[in-house]
Amino acid sequence: MKSNFTYALLAAVVALSACKKDNNQPTTEVVPGNKIAPDGFTFSTTKNVTLNLSLKTNNDQPIAGVVVNVNLPTGQTIFRGLTTSSGVLQGTVTVPTSVSQLVIDPAYVGVIRNAQAKITASNTITATLGGKDGYSGDIVADQINMVASKAASSTKTNGLVLTDYSYPTSYSSSNAFINTATYPKNLGRPVYLESAADVIDASLLSYINASLPEGSKVQDTHPAYLASTATSTINVTKATDVYVTFVSEGAQYQSTLAYYTYKTGFPPVFNVVGTLAGGIDKITYVFPNASAYGSGGGLKAGDKVKIGNFAAGTSIAFVLMQDAWTGSGVATGGQKFSTDAGFNPELLSPSLRKHTVTLYDDVHNAFITGFEDCNRQTPATNVNGYAADDDFNDLVFYTTTSVNDAISQDGVPAVDKGGDTDGDGVQDVQDAFPNDPTRAYITYYPSSSTYANIAFEDNWPKKGDYDLNDLVVSYRYTFTNNASNQVVDLKGEYSVAASGASFHNGFGVQLPVNASAVKSVSGQRAISNYISLAANGVEAGQTKAVIVPFDNHEALVKNPDGAYFINTLATKDKVTSSVATVNISFTSPVAASSLQVSAFNPFLISDMRRGYEIHLPGFAPTDKVTKSLFGTDDDASVEASGKYYVSKENWPWAISFSGAYSHPFELQPINSAYLRFGEWASSGGVNFTDWYSNTGSGYRDASKIYNK
């Protein structure tokens, strides 16, 4: 049931900056009687999702030491961890209650990228990325890009000659694709694949990732790969069968891989506009839809095509046809990129015309090719306007032969076999601290680019006006972790978004570890000096580690004229808070599972009265609380049963948000500003889980929400 407020808005209260909001001032009161929420509801806007992830090669062997990112659908990375020697990553991630899917991205060539994963009813995600099936578990396969406007044709006039585009001999769009329940035709999985797939082992994947790391420009990491002397063409020196094996794709497109041949030493003529033409009689498709199973295609790592038997003196060049798969065939009219750089479209930037890197792996006797699938000079020419990232791993495959040493290695750079400089078990390319064995990667909450927020009423144990703006704190945590997924260092960044009160309020956080687990704390902002610190920087006299980022909000933010009510009145300019950056190191690394943000216990210290702690509903106080306040005035806490910080009508004194929170103006109750708040609360958090973030019609009264 939605509760109603009765309150008087006195113009003087709002207009006069020196007015007081204290225990003697009339405040907005909730009409007694009906409870706003069912007993036990904690007003949490987030939920914890348990992750059970595995990374495997295509023969189901573990892939260890890989950094896996877990992202919100909006793109922010909210969790990161390293796979163990068993290829497993387990953890817990805190997400908004309204989120139903997450994106799992190992950023590792050889396993499915950016996999959509559904959150089950029990708030878990269990999934395998890679393995013999490509993926399994709670992964939701990408939709196939069915675009009727991409008209497929068998030939295309391209420059000076007519080039024939065709499927392998005896195949066409009508019979080239498997059509089963598992592999419907629109996936484009070829029927002409070899019956036995190649095994792509962990060492081969490690070489590829060391050579073509995700998100890193090849010109920065391996400039020799793009040198003018480096060749990407397969030059056959002995008569042999030639095979092309799919490894991975990490593209937004559903592109086509094809090839053409010519006599070695007599390459096709590049015409004046640099189009793929001039002496190329036929281009033959290898993978009409070169997309991975679960990622808009039907290919799995190790899928292999025999492209033919070629005589000595034959050169084989590959072509990537950007986003050419239509769902039923190949559209030949779009942008194309060739291993022959002269055919590529970046006419004004010759240094950008290379679109392939080919490397020789002497361990696996394979010629590994990576494509960059976007125009590197003019993003506007790319489908959807995507820009090239120059990591040359948008499509990765390798070429092998039936006869040993049948391909020339001249001009082909050697694959980078990687290394682990600091010996922590994490390849340098995956290691954010390659020279420090005590550190391996960094993760953030809520993300590296966003802040979480917590909003308080400060009049506990009495009710306030429930505008939830007496203190609004924005914060972000940065965790530095080692190769065992343990936290070495923790940084908290705290700023004040609003202070709608005359009280001088402090802010603390109780960590879910003992005080002795902390080696040092620095960066607290104190101006009122009523907090006693132990030698290691945590608050003295506490069993658990308690940090106090600021003891008085005015340590971070003040109105220029010294007035109260900061960032809660339309009549005053917005004031920007400074940031309290608190650095915490631990006496020994702490398991990430023991430092879940959902177990952090933030609290307000009301008006510098140390015993007046205000916590989130259901969270116990610290050792410093004045226990005699429980059960007095409007508070309905029952310490014996673990019931804390709700009123007799089940109103909270604090609510936290894993993202943005736009607080109400002064004296505008939360359920008056946010029109679905009451329904969310009365449902116990089941309905309208996005009540605070949804800007659609019927969700908020914008006139009551601070918007400066």
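Visitor: What does Gln-430 touch, not counting residues up to four places away in sequence?
Guide: Gln-430 touches Gly-65, Val-66, Val-67, Ala-107, Tyr-108 and Ala-440. Contact here means heavy atoms within 4.5 Å. This is a predicted model: local features need pLDDT of at least 70 and side-chain atom pairs 80 or more, while totals for chains, interfaces and linings use all residues. Residues are numbered from 1 along each chain as its sequence is written, and side-chain values use heavy atoms, with hydrogens and water left out.

Visitor: Why is Gln-430 called buried?
Guide: Buried means under 20% relative accessible area, exposed means over 50%, and partly exposed lies in between (1.4 Å probe, protein chains only). Gln-430 has 13%, so Gln-430 is buried.

Visitor: Where is Gln-430 found?
Guide: Gln-430 is in the loop between strand S23 (395-401) and strand S24 (441-445). Strands (E, at least two residues) and helices (H or I, at least four) are DSSP runs, numbered from the N terminus.

Visitor: What makes Lys-217 and Asp-390 a salt bridge?
Guide: The rule asks for a side-chain nitrogen of Lys or Arg within 4 Å of a carboxyl oxygen of Asp or Glu. The closest N and O atoms of Lys-217 and Asp-390 are 4.0 Å apart. Lys-217 lies in the loop between helix H2 (202-211) and helix H3 (218-221), and Asp-390 in the loop between strand S22 (366-371) and S23, so the pair ties together parts 173 residues apart in sequence. By this rule the count comes to 22 salt bridges.

Visitor: How do you know whether Lys-217 is buried or partly exposed?
Guide: Lys-217 has a relative accessible area of 35%, so Lys-217 is partly exposed. Asp-390 has 7%, so Asp-390 is buried.

Visitor: Which residue forms a salt bridge with Asp-634?
Guide: Lys-463 does, with the closest N and O atoms 3.1 Å apart. Asp-634 lies in the loop between strand S33 (613-615) and strand S34 (654-657), and Lys-463 in the loop between strand S25 (452-456) and strand S26 (471-481), so the pair ties together parts 171 residues apart in sequence. Both Asp-634 and Lys-463 are buried. The side chain of Lys-463 also meets Glu-649 in a salt bridge (3.6 Å, N to O). Lys-463 and Glu-649 are 186 residues apart. Both are buried.

Visitor: Why is the pair of Tyr-167 and Tyr-285 called edge-to-face?
Guide: Rings of Phe, Tyr and Trp (its six-membered ring) pair if their centres lie within 6.5 Å; planes under 30 degrees apart count as stacked, over 60 as edge-to-face and the rest as tilted. The ring centres of Tyr-167 and Tyr-285 are 4.9 Å apart and their planes are at 75°, so the pair is edge-to-face. Both Tyr-167 and Tyr-285 are buried.

Visitor: What makes the pair of Tyr-253 and Tyr-386 tilted?
Guide: The centres are 5.5 Å apart and the planes are at 40°, so the pair is tilted. Tyr-253 is buried, with a relative accessible area of 3%. Tyr-386 is partly exposed, with 31%.

Visitor: How do you know that strand S3 and strand S9 pair?
Guide: Two strands pair if DSSP finds at least two bridges between them. Strand S3 (residues 46-56) and strand S9 (residues 124-130) pair in the parallel sense over 7 bridges. In S9, the bridge partner of Ser-54 is Thr-128.
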